[in-house]
Amino acid sequence: MKQTSEIIANAAKENRKHLLETEAKTICMEYGIPVTRFKLAKNEEEAVKFAEEIGFPVVLKVVSPDIIHKSDIGGVILNIKNAKEVKAAYKQIMKNAKKHVRDAKILGVIVQEMAPPSTEVIVGAIKDPQFGPTLMFGLGGVFVEILKDVTFKIAPITEEEAREMLTEIKAYPLLKGYRNLPPADTDALVKILLNTSRLVTENMEIKELDLNPIMVYEKGAKTVDARIVLK
Ligand code: ADP
Ligand code: MG
């Protein structure tokens with residue numbers, strides 16, 4: 001995979017272990033993992049132009065090799081509805097980033113489509129010292145953070161194993177649809193798990209991967225934030 005190898009080699013050359021969200025999402029796209037439409041804007045004018053191209057509402061996030069947890073420093077602004085709001089958000093993000101991270105190298109902002117709220121899931125990968133690349137799956141938010149309702153499988157996984165991962169979590173009935181919650185597109189999730197499996201087994205330089213959250217809909221799914229850490 002050409003872009004993936006180039007991104008990983010370039011980060012290594014620059015001594016960066018954490019890929020930028022733009023880089024991580026480009027890799028996801030090359031492996032067929034759906035992500036929000038996005039563009040990297042280097043200034044306010046570009047941010048407006050790209051927002052108009054992508055279509056409102058949009059999300060703006062800081063892109064910096066020195067900032068890993070973007071929302072912690074006020075580097076994420078959601079639900080931006082017009083050009084005027086884009087300009088204000090751009091200025092606010094720059095101000096927040098400079099205030100919280102001294103001398104941060106800021107490459108610009110990632111402008112992306114705002115994914116409509118839905119059921120949130122997490123797909124992750126870690127390197128187990130004994131078993132190598134290992135995949136994780138769970139429902140987002142409290143299910144992972146408080147209830148630790150997650151499941152793991154050693155990569156590479158088969159399609160059958162990907163389906164098992166979905167049914168193994170306790171919250172599985174929620175994916176099947178519950179009360180006014182529509183059923184989630186489990187085929188789309190199986191595909192994401194299989195493609196993530198391929199991504200981490202083909203690129204052994206990847207130490208950790210975190211697609212968190214992925215919005216899953218009745219039809220399709222979309223990765224909203226992607227984090228990749230190299231060895
Ligand atoms: P952080 O680096 O802080 O993890 P995220 O990119 O995950 O930043 O953004 C923080 C939160 O904002 C996400 O967990 C998600 O709830 C929301 N969010 C981010 N991007 C989008 C988007 N494109 N559409 C909808 N919600 C988003
Ligand atoms: Mg995140």
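Predicted model: local features only at pLDDT ≥ 70, side-chain atom pairs only at ≥ 80, totals over all residues.
Student: Which residues come nearest to ligand 1?

Tutor: The shell around ligand 1 divides into 8 nonpolar, 4 polar and 5 charged residues. Strand 2 (58-63), strand 3 (76-80) and strand 4 (108-113) each supply at least two residues of this shell. Of the 17 residues around the ligand, those that come nearest are Lys61, Ser71, Gln112, Ala115 and Asp225.

Student: How far is a nitrogen atom of ligand 1 from a polar backbone atom of alanine 115?

Tutor: A polar contact requires a pair of N or O atoms within 3.5 Å. Glutamine 112 places a polar side-chain atom 2.8 Å from a nitrogen atom of ligand 1, and a backbone N or O atom of glutamate 113 lies 2.9 Å from a nitrogen atom of the ligand. For the polar backbone atom of alanine 115, the distance to a nitrogen atom of ligand 1 is 2.8 Å.

Student: Which strand gives the most to the lining of the largest pocket?

Tutor: The largest pocket holds about 740 Å³ of space and is lined by 35 residues, with Asn212, Pro213, Val224, Asp225 and Arg227 nearest its centre. Elements that give two or more residues to this lining include strand 5 (119-128), helix 5 (142-145), strand 8 (206-216) and strand 10 (226-230). By class, the lining has 18 nonpolar, 7 polar and 10 charged residues. With 6 residues, the element that gives the most is strand 8.

Student: How much space lies in the largest cavity?

Tutor: A search of the whole structure finds 2 cavities of 30 Å³ or more. The largest cavity is lined by 14 residues, and Leu19, Leu20, Glu21, Ile67 and Ile68 are the closest to its centre. Strand 2 and strand 10 are the elements that give two or more residues to its lining. The space in this largest cavity is about 160 Å³.

Student: Which element supplies the largest share of the lining of the second largest cavity?

Tutor: The second largest cavity, with about 30 Å³ of space, is lined by Ala125, Ile126, Lys127, Pro133, Val200, Ile206 and Lys207. These lining residues divide into 5 nonpolar, no polar and 2 charged. Strand 5 and strand 8 each give two or more residues, and the largest share, 3 residues, comes from strand 5.

Methods: Residues numbered from 1 in each chain as written. Chains lettered and ligands numbered in written order. Heavy atoms only, no water. Near = heavy atom within 4 Å. Polar contact = N/O pair within 3.5 Å; in protein donor to acceptor, adjacent residues only side chain to side chain. Helix = DSSP H or I, 4+ residues; strand = E, 2+ residues; numbered from the N terminus. Nonpolar A, V, L, I, M, F, W, Y, C, P; charged D, E, K, R; others polar. 1 Å grid on protein atoms, 1.4 Å probe; cavity = no way out; pocket = protein on both sides within 12 Å on 5 of 7 lines; lining within 4 Å. Points joined across faces, edges and corners; volume = space filled by probe spheres on them.
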